[in-house]
Structure formats: C-alpha cells, structure tokens
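Here is a short briefing on what lies inside a protein model. Look at the structure first, then read the points below.

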Amino acid sequence: MTERAADWAGRATNRLLLLLACLAIFLPLVLTLYLSVFNEQMIVFPPHGYTLAWYGQIVGKFGGAIWTSLRIALTAVALSLFIGVPAGIGLSRYRFTGRDALGTFLLSPLTIPGIAIGLAIYVLAVWIEERTGIELAGSIRLLIMAHVLITMPWVVRLCLASLTNHERTTEEAAASLGANPLMVLLRVTLPAMRPGIVAAALFAFIVSFENLELNLFLVAPGLTTLPVAVLQYLQYHIDPLVAAVAVAQMVVVGAALLLLDRFVRLGQVL
Amino acid sequence: MKPSPAIAFLGPATCVVALLLVAPLGLLARYSLNKYDPTELMIEAATPANYLRFFTEAFYWDVMRTTIVVALLVTCLCLLLGLPLAYRLARTTSRWKSAMMLVVVLPLFIGSTVRTVGWMILFAQRGVLDSLSVWLFGLHIDLMYTPSAVVIGTLSVNLPFMVLTLQSVFEGIDSRLEEAAQGLGAAPGRAFWKIVWPLALPGVGIAAVLSFILGMNAYATPVLLGGPRFQMMAPLLFWEFNTNNNWPFSAALGFILMATTLLLTTLANVLIPRRYRA
Amino acid sequence: MSAYLRLDGLTKRYDDTLAADGVSLDIALGEMIVLLGPSGCGKTTTLRIIAGFVEASSGTILLEGRPIGDLPAHRRDMGMVFQNYALFPHLSVARNVAFGLEMRRMPRAERDARVAEMLRLVKLDHSGSRLPRHLSGGQQQRVAIARALAIHPKVLLLDEPLSNLDAELRQEVAREIRLLQQDRALTTIMVTHDQQEAMTMADRLVVMRDGRVQQVGRQEDLYERPLTPFVARFIGNSNLIAGDLTNGARFRTAGGTDIRLSGSYAGSGKATIALRPERIGLSAETGGARMQGQVLMSAYMGAVVEHVVMLDAHTQVVTRGPSFGDGATSRFPAGTRVGLTWFGSAECVFDEKDRPMGRVSTIERIESNA
C-alpha cells in the first residue's frame, strides 16, 4: 500500500470511529426525545401523530417518586456540605501522619460497588431495628443517610481541588490584621472556596438524584425514588410516558450541569 | 501541629464513612459466613459455604464469566471508539471546545436507567431497528434481550466516562511534542503512535480498568436490555437478596464483587507505571 | 533578488484579531534573523507559520523559490527548537536525536554515525543513553538543538531557546549557538523578547508589534535610525518626549518646556522626540543647553551614573553617563538645576503618525545667549 492510500485509509477509519462513538453516546438520547412525543400508547413506527400530552402526565404517574428523589437529594446535599466542606478544609490545611490514608478513606465510598454498599446499609439498618426498635429500613431517614455517604466524597474532592491554588498567606494576613480563627474561616477561607462549594453542591445533587443501586435496597412501597420507579416501570412496558420522564430528567440534570460548568472545569474534577 | 482543630474538621466526615460504610460492610462480612435456611432465612454460623458455593457451582461460574466477558468486550469497544474522540477533543482549538466537552459529559450524569430507554426503543420488537429492517429487507431483527444489546447498552453508558478520562490524559501530554515530531518529519499518524501513544499508555490503562469495573458492576443495563434470563453479577446479587431472601449468599456475592474490583484497582496502580515526566 | 526564504504578506487571523498582519521578509542563505518584540507581537505565530504548525490565513512562503505553504509540517525539513525543548520524555537522548532520521528511514549505520556526530557537536557524547529528565536544563537545550540539526534542516527555527536557562548560562549559550550557526552557515530564524540576546546573535533583526513588522535591519540601523518611537524605546531604551513642533524647529513639550532641537524638520504639529539616555550630556551650565530641568534623583551604578531629570510636571528624562572616579564629579544632587545637551544625530523626531520626520538642516552650534 502506498503512503497516500494508507493515509487515506487511516483517516477514513478515524472518521468512522468518531461517528460510531457519537452514535453510541447520543443515539439513545435522541431516540428517547423522539419517542416522548409519539401520539401512541406504545412503540409503533412510524407513529400516527405527535403530541406533548405525555409530559402532562408525568406528575400524575411519577410525581411521588420525583418528590421523594428531590427531598432526598436536597437534604443529602445540605448534610454532605455541612460535613464535607470542613473535611476538605481539614485535609488541605493540616499535615499529620496518616493524612493520605484518611483522604483515601474519606473518598473510598466512590470506589466500592454501589450495589454492595446498598445491601450492607440495609442489612445494618435491619440489625439495628431488631435490637433497638428504631424504624430505619424503608424510612426516608435511612435513604438520606445513605445518600450522604455517596455525595460527601464528591464534596470533599471538589473542596480539596478548590483549595489547591488557595494562598495560605491570605489567611495569615487576615490573622495578622486581627481576625480570630473563626473570622479567618468565615471571611477568607470560605469565600475563596465559594466556586468549589457551589460546584460540590450541584455535583452532589446530580449524584444523589440519579443514583439507582443504593435505592434498590432502601426504597419501600410508597417511598420510591425516580430512577427506581423508572426501572420498575421499564421492566414491564416501554411507552412514550416513560420516555417523557427520561427527557424531563435529562433536562433537570442538564440544567444543573450547565450551572456547574460555570463554576469548575468538569474535566479537572472527575 | 495541634490535633484538636483537625479533629473538629475531619471528625464528622470520618464518622459518616465509619458508621455508614465500615460498620455495614463489617456486618455484611459476618453475614456472608452465615447459613441460609428456607424457613429460618438465616442461621448463625461461621462457614465459608457461601463462597465455596459460588466457586463450585457451574451456574455461578457462568454468571461470572458472562460478567467478565461483557465488561471486557465493552472496555475494548470503549477504547476503540473513545480514543479518536478523546484525542480530537483534547487537541481541538475550536472555541466550542468547552461546549463539546459539556455535551459529552452530560450523558454521564443522566443515569444508566434513563439512558437505557433509548436503546430499548431501538431494539424493541417493532422498535426503530426492527421497523427499518422490515421496511428495507423484509426481515425482523430482534436484538432485545440479547447479549449484544447488553454490550451496546453498557458501551453507551461507559463511553462518555472513557472519553472524559482519555481526554484528560491526552490533555496532559504537551502538544508541542507532536509538533516536534512532525517538524522532524513524522506524519501526524506516526507522530501519534510513536510519541503520544507510549506516553498515554499508563493513563489509557487506568481508564480501561475503570471502564472494566464499571462494566462488571452494571445493574440497570443488563436487567433492562438482557431480560430476566440474562445474568450478570450485580443483578444476580439483587435477585438472591430480593427474590430468594438469601442474605448470606448475596452478602458473599457482594464481597466477591468488591474483592474483584479492589484487586483490579490495586493491580492497576501497581502494574501501571507512573507517567513519564519531561 | 533571489532570497533563500521569502515571506510575503503572511497574515494570520484568529476570530477578530490579527496575530500576524502582512509579515514580509527576505532571508538570505546562511543568515541569522531574529524576530524581536514584546509578547503577543506575532513573532511566535510567524515562526509557527514557517514551521507549518499554523496555517496562514493569507500570504506565501517561498523556500528556494518554491511555495511551501501547502506542505504539512512533516515535509518541510525545518529544524525547530521549542521554548520548553519538547524532548520526548520516553526516549533516550540518542533516540530523541535519531527520531527525525528514523522518520526519513535512514539506514542504521549512517543514522548512528549522524547521532554520534550531533552529540559530539553539542558536547553530550556520553549522555546518549540517558533520559531527558535526568539532564540539566542546559543539557536538555543542547539535545533539542542536536535533534533539530540532525535532520540537516533547510532552516533552523529557534523559539525563545534561551528563556528557560539561568542568566549566567544564557550569554554563553547564545554565543555558542551563534558560532555554530556561522560555522555551519545555517539559515536561522530565532524568536525572542530579549533585545540583548537579539543584539548578540542576529545578522539582522526584525522588530514586531501587534502582528506587524516595525523595522528590519542590522543592529546599527535599528539603534541609530529607528523608524518608529516603539523601536526607539524597545531597542536600547529611549526617552520619548511628546509635544508640538512649530516651524520645523521649535519644540514645546505638553508641560510647556521649550527644547532647542539640533536640526530643523520638514513639517510641524504634534510630534515625539526620542533621545537615548546615554547620548544626553548634563551640565550645571544651563545657558547653552538644549533644555533645562531639575534633578529628581541620581544613582551611581558602577560603570554609569543615571539621573532622572524633571523638565516640567508632565515630562521626565533619564540620562546615563560614564562615571568618573568617585562619582562626585559626575553626579548632581537632587534639586540641582541642570542643562541637557546632545549632538545632532542623537535626536529622532517622529510626526503625529509615528513616522520619522526628515531633517532639513542641522544646527550644530548653539549660541551661548539665545
């Protein structure tokens, strides 16, 4: 083969792979959007017409699950910020033996399969319930706690990242100007971290809102999160309604992500 | 350094992980050594029977094998499709770069359940693919509930992740190295394979391991696209727990899954050399 | 009229800015050209267009009379040395140097010989098997040069080659590169923002600003006959005094100080005078001076003494004169009124549009009492 021909073949292959990659990522999203406006009860090609009516039915059918997911996500975000932001500051500020190990420990919920964490938390909840009578399994409290576990590491990670370029000297300057440690924290450190904290909040929200594996074990009748509800629905039928729900979720997450992008470069934190 | 403020900062977070991760996993470890009984459900014991059962029964071997094959296949396809896209993204100077990145990242956050909806539409009976094929060739194509569907679905879930990781790997390689290679007479293709690829290899290895782990732990995609008869590890675990109420065995499955994941991560960290520095 | 390398109207447009704006230049075989200017002036863009890493929006490049603008970088035979050297971190020094030869499929024996020769040339004969990261900055830089020279490039391109070196090393390496370039008659284009470096190394300099070529010429041309106030200040520093010129010879600064020029010029209106600090003489005698002012501060710097003289509220002038003995004789205390004088050729006058104004006659003698 001549150099030209090899060159041409290489470029053609490259183009083809790029096309396939884009198809693999975006085709399902486009199809979901397409189905969500079908004026049909089920998948029929081509459809007889198009309608936006399915979007109107989302709240009726999935409203409860959406509300549950939102409540869990918002509470979990608040709690994980409350716990995770100080942890991020602590990890970046203090030098002590075992600091790296502690960092790994705090981030470890990210590396353990969600399905194992879900099962383990459920099992412990039942164990506690049997011994103390505190109702945990199937309660929203337990769901929130579990979500704090998986959102907090992201908060820690993002706060650490936002502090890597932080000048400790500004804190020293504040202290020498008479600020006590609390004032230094409130007036210098936290404001410097603000973009990171906002990003962490949005990120934690997304992570909580789309989680499936933990919820599988922790939901109860009447207390179902959106991803679980969609999964259960899909196991029996696929229709434009569930596509509309999917699109709605994409819109919510997309909006959060657009906001997030204004605060951090995504490529740097993942 | 005085220890007290550090404890105030780091204590709560440590407690969260200890109480919600370490303690549950500890109890789960204990349960994995218990015995299952159809009526009593769980009997206290200290037996490796659950682990032995997994490693001796052909059915579970098959599930493990399917899981590994799917994860491996998905990872290879992810590399094949992800490399060109990631490289293109890393080296583009277009002003739309951040918008393109955002579009690639977006699916990453939508959740595998929702993303599977699209593939179900494509693969379903009388779905897009089927209808097209009937219209063009008069033939029915039924990919729903096949391993191929699972592989394609999982590929779609993992690919944005792969692209993002690889993109940052390529981003970390100075583009002037390629220019230097080209200035010395290497065509762009050769510059890539001779200079960029060897430097990217450690990062590519880590991306591959992460994709493999993600594929092994997949739940929604195999359940929805593989159907009830297609078994992979994560759905099997939930099925043993939910349908059979066999807690000890599902606990053992959880640990086998975790051990595989941890083993792979550690291996990756040990075997893959640190990146060369200029 | 046959230049070895000819740049003709090279322009590079990014969105709405012009990184290079009509850069034209003829370069002779074996000549060392230095592109000089502040950051963002377009010098690096121009170099990258020549190397083929950036495609010009318009304009042509002719190498030995043939257009090369459409050739991809890897077919141009240009040896480029990057600012950060861009050594391949996973290849040994020798493999780095051999890379271009491998790309040209040079036979093994010949290649090894060439690599050895190049390493000897840059005095790294014994470091061939080491990895770049184990070398010092200066050694890395020599590897980069050896790698670029190994392919026997038609043109050697140097992008700020000295900027990552220690100050002491810089002068030495600058001379080494210059000797090597002259010895091998390498046609070379170097980019730098350091005028000292440029003066040391160039056959001809090209001063650039905002994507445009301000002036091309030998060191003497640029220093003695700058074509714009920018060149006057960028090469060797000049005081720039803004004011009004009337009748071609009377100059008054914006702050109201009168200056007696050493020549008369064709034209009048807003103008700028450029005066080199070392060409201005100071004396306590104010009567016969070209202008007067009050010493604001002085500094004894060893070889020279510097004075800052305030002419008026808006205008200050720096002067630099040789120090004599203990300095007391050549140093005026702050507050002293002094007269400033210079010889005819020391002043350059530019019109409103920063074009040099033609000198009509020279008034060398100054009458003691005006």
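Two strands pair if DSSP finds at least two bridges between them. Strands (E, at least two residues) and helices (H or I, at least four) are DSSP runs, numbered from the N terminus. The model is predicted: local features need pLDDT of at least 70, side-chain atom pairs count only at pLDDT 80 or more, and totals for chains, interfaces and linings use all residues. Residues are numbered from 1 along each chain as its sequence is written, chains are lettered from A in the order in which they are written, and side-chain values use heavy atoms, without hydrogens and water.

**Strand S7 of chain C**
- S7(C) runs parallel to strand S8 (residues 188-192) of chain C, joined by 4 bridges.
- Another 4 bridges join S7(C) to strand S6 (residues 78-81) of chain C, also parallel.
- C:Leu158 is the bridge partner of C:Val81, and C:Met190 is the partner of C:Leu158 in S8(C).
- 5 of the 5 residues of S7(C) (155-159) are buried, so the strand is largely enclosed by the rest of the structure. Buried means under 20% relative accessible area (1.4 Å probe, protein chains only).
- C:Val155, C:Leu157 and C:Asp159 point one way, C:Leu156 and C:Leu158 the other.

**Nonpolar cores**
- A nonpolar core is a set of buried Ala, Val, Leu, Ile, Met, Phe, Trp, Tyr and Cys residues joined through side-chain atoms within 4.5 Å.
- The largest has 222 residues, and A:Phe217 and C:Leu5 have the most contacts inside it. Contact means heavy atoms within 4.5 Å.
- Apart from this core lies another, of 45 residues, including C:Phe230.

Note on methods. Buried < 20%, exposed > 50% of the residue type's maximum accessible area, 1.4 Å probe, protein only.
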